[in-house]
Amino acid sequence: MSTRDEILASLEADVEVMTELLVKLVRIPSTGGDTAEVAIQAELAHWLRSEGFEVDHWRLPLEQLSADPDYPGAEVERSEGWGLVGRLPGTGRGRSLMFNAHVDVVPPGDAADWGSGGPFGGMVVDGAVHGRGACDMKGGLVSALFAARALARSGVRLAGDLMVACVIGEEDGGLGTFGTLRRGWRADACVIPEPTGLDLVPANGGALTFRLTVPGKASHASRRGAGVSAVERFWPVFQALRDLEKRRNADVDPVMSRWDIAYPIEIGTVHAGDWVSTVPAVLVAEGRLGVALDESIAGARRALEAEIAEVCRRDPWLRDNPVHVTWWGGQFASGRINGDTSILDRLRANHTEQTGLTPDVWGAPYGSDLRLMTGLAAVPTVHYGPGDITLAHSQRESVPVAEVATAARVLALTALDHCGPVG
């Protein structure tokens, strides 16, 4: 039996154990900033050590990282955070590969919306694991872990290093990957097993978080003509953002063409007023601005700021009382694979071999850690992983076990091809 056949047979036999680990990880409520985000890293460090990996498990220097000029921002507070890399060392005569997977999840919302299992139940129903984080992206994390485990257990000696980076803070900025890069971890290529439905995603748009403060003038509601409603003044601002979005999506890169809106602009929260019988004196709206491929963060900011300035110029009240724009929270640049794209070709070939289907190739309209790997470290990086992204962040979140297993096989074979067996 060939080495490839041995690896595939090992993974086929491991599907039940793979599912058990995924269920266990989903049951750890590792919401960004929660103590469980620390606990899951400790659990994974133990797992990697027990499987014979060299393990670097370190406390992230949060103050130092947040002061770095390239810090990607954050939207939750943390008093503690940990980095984790497991390494299967090669001989040093081949190319290295990193699997990079985030362990943090977004808040589950109302637990009652999840049914009897709750958001962190990890229930297995109809061949899929359900729960917050199952799809985004603990399913992909487990695929990467078992791909690396199969290579470790096969006894094959790789020419290049194989690494599994388990990172925190991806959902709110990218702290974990940023800290991993600042720790000095690098690779000749990287696969991020985000939920792509087993398609190949070598690029993604960015997303910048902004806050708009719209001024009004308070008065008693019975004499509303004496005041200026901040809510009313916000309406032309909102319409202008919709117009800006339309212009920014009129001509997009072909890799992004599958989306009706490749670079969305959306207002997610609006807060105004402090009393029902008072004309609201201020409105605060927060949202996200999509960043186009190859567009700088500074350029994207200027586009939105210029649009807001033009609205204010045309409005008699806002001309003298302009809307204030603040950039805060996670700042996701756009990114795309750079340099050597052979990792993309290997993933495509191995996926086709394992499934009989050629995966689609597209760019994602959301930010991810890909832009840190490509932008800060110049590491050719691609997304490939199990799960449907439309289920992520929803109360229907789940991932098919069959896709987790398929991704594990493809990732293992890709690592074998990329890092190269010795002998």
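A pocket, as the word is used on this tour, is an open set of grid points with protein on both sides within 12 Å along at least five of seven lines, and its volume is the space filled by probe spheres set on the points. Please also keep in mind that the model is predicted.

**The second largest pocket**

Begin by selecting Ile297, Gln331, Ala333, Arg371 and Leu372, which are the closest to the centre of the second largest pocket among the 15 residues that line it. The volume of this pocket is about 270 Å³. If you colour the lining of the second largest pocket by class, you will find 6 nonpolar, 6 polar and 3 charged residues.

**The largest pocket**

Next, select Val106, Glu171, Arg288, Tyr366 and His393, which lie nearest the centre of the largest pocket, whose lining is made of 36 residues. The space in the largest pocket comes to about 990 Å³. Strand 9 (206-215), strand 10 (265-272), strand 11 (282-291) and strand 12 (324-332) are the elements that each give two or more residues to this lining. Coloured by class, the lining of the largest pocket shows 14 nonpolar, 12 polar and 10 charged residues.

**An open sheet and its helices**

Which strands lie at the edges of the open sheet, pairing on one side only? Three strands form this sheet, in the order 4-5-16 and with antiparallel pairing, and the edges are strand 4 (124-125) and strand 16 (398-400). Strand 4 is joined by 2 bridges to strand 5 (residues 128-130), and Val125 has Ala128 of strand 5 as its bridge partner.

Select helix 2 (residues 15-26) as well, and you will see that this helix packs on the sheet, touching strand 4, strand 5 and strand 16, with its direction at about 15 degrees to that of strand 5. Helix 5 (residues 134-154) lies across strand 5 and strand 16, and runs at about 40 degrees to strand 16.

Finally, select Arg149 and Glu51, whose side chains meet in a salt bridge with an N to O distance of 3.2 Å. Arg149 belongs to helix 5 and Glu51 to the loop between helix 3 (35-50) and strand 1 (54-59), so this pair ties together parts that are 98 residues apart in sequence. Side chains of opposite charge can pair in this way when their charged atoms come close, and the count for the model is 28 salt bridges.

Note on methods. Residues numbered from 1 in each chain as written. Predicted model: local features only at pLDDT ≥ 70, side-chain atom pairs only at ≥ 80, totals over all residues. Heavy atoms only, no water. Pairing = 2+ DSSP bridges. Helix = DSSP H or I, 4+ residues; strand = E, 2+ residues; numbered from the N terminus. Contact = heavy atoms within 4.5 Å. Axes fitted to C-alpha atoms, helices over the stretch in contact; angles between N-to-C directions. 1 Å grid on protein atoms, 1.4 Å probe; cavity = no way out; pocket = protein on both sides within 12 Å on 5 of 7 lines; lining within 4 Å. Nonpolar A, V, L, I, M, F, W, Y, C, P; charged D, E, K, R; others polar. Salt bridge = Lys/Arg side-chain N within 4 Å of Asp/Glu carboxyl O.
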